[in-house]
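Please read them beside the sequence and the coordinates.

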Amino acid sequence: MNKIQLLWADDEIDLLKPHILFLTGKGYEVTTVTNGKDALEECKKKSFDAILLDENMPGISGLETLTQIKIANPDTKVIMITKSEEESIMEDAIGSKIDDYLIKPVNPNQILLSLKKILDSKQLVSEKTTSNYLQEFRQIGMTIQDNLKFQEWSEVYKKLVFWELELQSSQDSSMEEILLSQKTEANNNFAKFIEKNYVKFFLKPDDDAPLMSHNLMKKKVFPLLDEPDPVFFILIDNLRYDQWKTIQPELATIFNLQIEETYMSILPTATHYCRNSIFSGWLPTEMEKRFPSMWQNEEDDEGKNMHEEEFLLAQLQSNNKKDIKTSYTKVTTFDAGKALVDNVNNLFKNKFNVIVYNFVDIISHARTEMSVIRELADDEAAYRSITLSWFRHSPLFEALKKIAEKKVKIVITTDHGSVRVQSPVKIIGDKNTNSNLRYKTAKNLAFDKDEAFEIKHPHEVGLPILHMSSTYAFCKNNDFFAYPNNYNYYANYYRNTFQHGGISLEEMVIPFIVMQSK
């Protein structure tokens with residue numbers, strides 16, 4: 001193993017021989033110089049893992065030497081050592097991007113601790129993260145074998161996301177593979193939970209039945225309208241819980257978190273069903289009856305989410321809130337986002353402002369169709385990274401900053417999530433079968449009943465049927481449907497893309513966030 005290379009520049013280096021011997025004994029190789037000029041010459045000869053730099057040396061000062069070192073090698077780790085505690089010197093050193101500083105006289109253990117902090121911290125954090133996850137791995141594994149309720153499944157998923165983000169930071173690929181395996185096991189058991197309980201949630205609901213899409217406004221949002229502050233309801237289409245956790249730190253700079261909960265998306269986990277149910281307060285079968293001119297079935301050519309504002313206003317009226325001054329804004333383009341920013345001040349006149357933002361869903365679909373996006377987001381970590389980058393520079397974040405200037409409550413949620421699909425499942429349907437990869441509805445669907453969840457009586461769970469014998473089939477975990485014709489082509493084309501419509505923790509466990517401006 002190669003020794004860690006140190007350069008120590010100090011005009012009193014002869015007095016520091018005990019310190020140098022101590023570091024040598026700890027496995028460091030130390031090169032010594034007595035001035036800044038010689039330090040720069042040594043940096044030209046070889047690369048150093050870290051440099052100990054005296055601030056007060058004859059000739060070129062420590063700060064000047066530091067500047068020259070950083071110009072040549074910006075990533076070089078530097079520890080500044082000084083006799084002075086003057087604040088201006090500290091500020092200059094920190095402004096020049098030192099990694100640590102020590103005040104003379106220093107002892108060997110101080111130096112060792114500082115070196116470990118700047119050189120080994122990433123490895124130490126990684127080892128600690130791995131150790132902590134391994135301790136919880138067994139507990140999570142035992143929990144997902146239990147007969148869990150939805151909220152318990154939600155807590156399992158939150159833990160898995162937490163460790164996914166922690167292990168991503170530590171860059172321990174071996175642990176990431178173990179976590180992925182545990183997520184797969186959790187999703188398999190979650191699918192069994194849905195198969196066992198989904199119909200019962202509608203026919204025989206009890207206290208353990210989860211909050212679902214059609215009850216979200218009535219149960220969670222409308223009560224906020226009884227409070228004095230204006231409410232901004234922000235629905236970011238297709239925002240998974242892990243994506244929420246990625247953008248949360250950005251929002252924490254301008255809002256205080258009050259509530260972080262989850263609810264369960266109805267099936268299919270597709271915008272047509274979920275978002276319309278959120279805004280209408282009804283399940284699809286009821287929407288079909290109550291709004292026959294606005295509800296669109298799978299075979300209809302018209303857009304499936306063209307009437308959300310009308311659904312919302314109808315729900316407000318049916319809940320005795322028709323007098324609440326309300327706005328509805330849908331953003332599907334960058335220009336529409338900029339228009340939202342320009343209109344923020346006018347929105348404060350309303351008690352209730354609803355904003356639907358479609359960008360994350362666009363990323364998901366673009367990733368399927370565009371090779372460049374596929375390469376940029378080839379796994380969950382990259383997908384989160386693109387979401388974060390978009391959010392930081394988006395008109396939505398710009399608008400939220402302006403909203404945060406006034407005393408308001410904001411709700412951030414979504415209609416469904418998505419899952420990265422891997423395994424094709426063969427299915428046969430007639431010519432009217434819908435095109436979604438994660439769910440199918442038609443008459444006489446043929447597939448292996450062990451590989452997908454079938455709802456034989458769709459009306460029991462609030463789903464419309466186009467024909468008397470129509471059923472619904474839903475993929476589980478990371479599967480996706482493929483037809484036998486051109487099976488291999490479609491299997492390869494869609495594998496590793498993000499899809500929604502089926503049953504998984506990622507699609508069905510939905511973040512519901514309430515924040516207050518600071």
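1. In which hand, left or right, does helix 1 pass helix 5? The crossing of helix 1 and helix 5 is right-handed. Bear in mind here and below that the model is predicted. Helix 1 covers residues 17-25 and helix 5 covers residues 108-119; their axes lie 9 Å apart and the packing angle is about 45 degrees. Helix 1 is therefore oblique to helix 5.

2. Salt bridges number 30 in the structure. One of them joins Lys117 and Asp100, with an N to O distance of 3.1 Å. Lys117 belongs to helix 5 and Asp100 to strand 5 (residues 100-103), so the partners, 17 residues apart, link distant parts of the chain.

3. A second salt bridge is formed by Glu261 and Lys220, whose closest N and O atoms are 2.8 Å apart. Glu261 sits in strand 7 (residues 255-264) and Lys220 in helix 9 (residues 216-221), so this pair ties together parts 41 residues apart in sequence. Glu261 has a relative accessibility of 28% and counts as partly exposed. Lys220 is partly exposed too, at 29%.

4. Asp242 and Arg384 also meet through their side chains in a salt bridge, at 2.8 Å from N to O. Asp242 is in helix 10 (residues 241-251) and Arg384 is in helix 17 (residues 380-392); the pair, 142 residues apart, links distant parts of the chain. Both Asp242 and Arg384 are buried. Through shared partners, salt bridges join Asp242 and Arg384 with Glu164, Lys183, Arg240 and Glu506 into one network.

5. Phe137 is found in helix 6 (residues 121-143). Its relative accessibility is 33%, so Phe137 counts as partly exposed.

6. Where does Ser181 lie? Ser181 is part of helix 8, which spans residues 173-203. With a relative accessible area of 47%, Ser181 is partly exposed. Ser181 and Thr413 are 232 residues apart along the chain, and 28 Å separates their C-alpha atoms.

Methods
Residues are numbered from 1 along each chain as its sequence is written. This is a predicted model: local features need pLDDT of at least 70, side-chain atom pairs count only at pLDDT 80 or more; totals for chains, interfaces and linings use all residues. Side-chain values use heavy atoms; hydrogens and water are left out. Helices (H or I, at least four residues) and strands (E, at least two) are DSSP runs, numbered from the N terminus. Buried means under 20% relative accessible area, exposed over 50%, partly exposed in between (1.4 Å probe, protein chains only). Axes are lines fitted to C-alpha atoms, for helices over the stretch in contact, and angles run from 0 to 180 degrees between N-to-C directions. Angles under 35 degrees count as roughly parallel, over 145 as roughly antiparallel, 65 to 115 as roughly perpendicular and the rest as oblique. A crossing is left-handed if the near helix is turned anticlockwise from the far one by less than a right angle, and right-handed if clockwise. A salt bridge is a side-chain nitrogen of Lys or Arg within 4 Å of a carboxyl oxygen of Asp or Glu.
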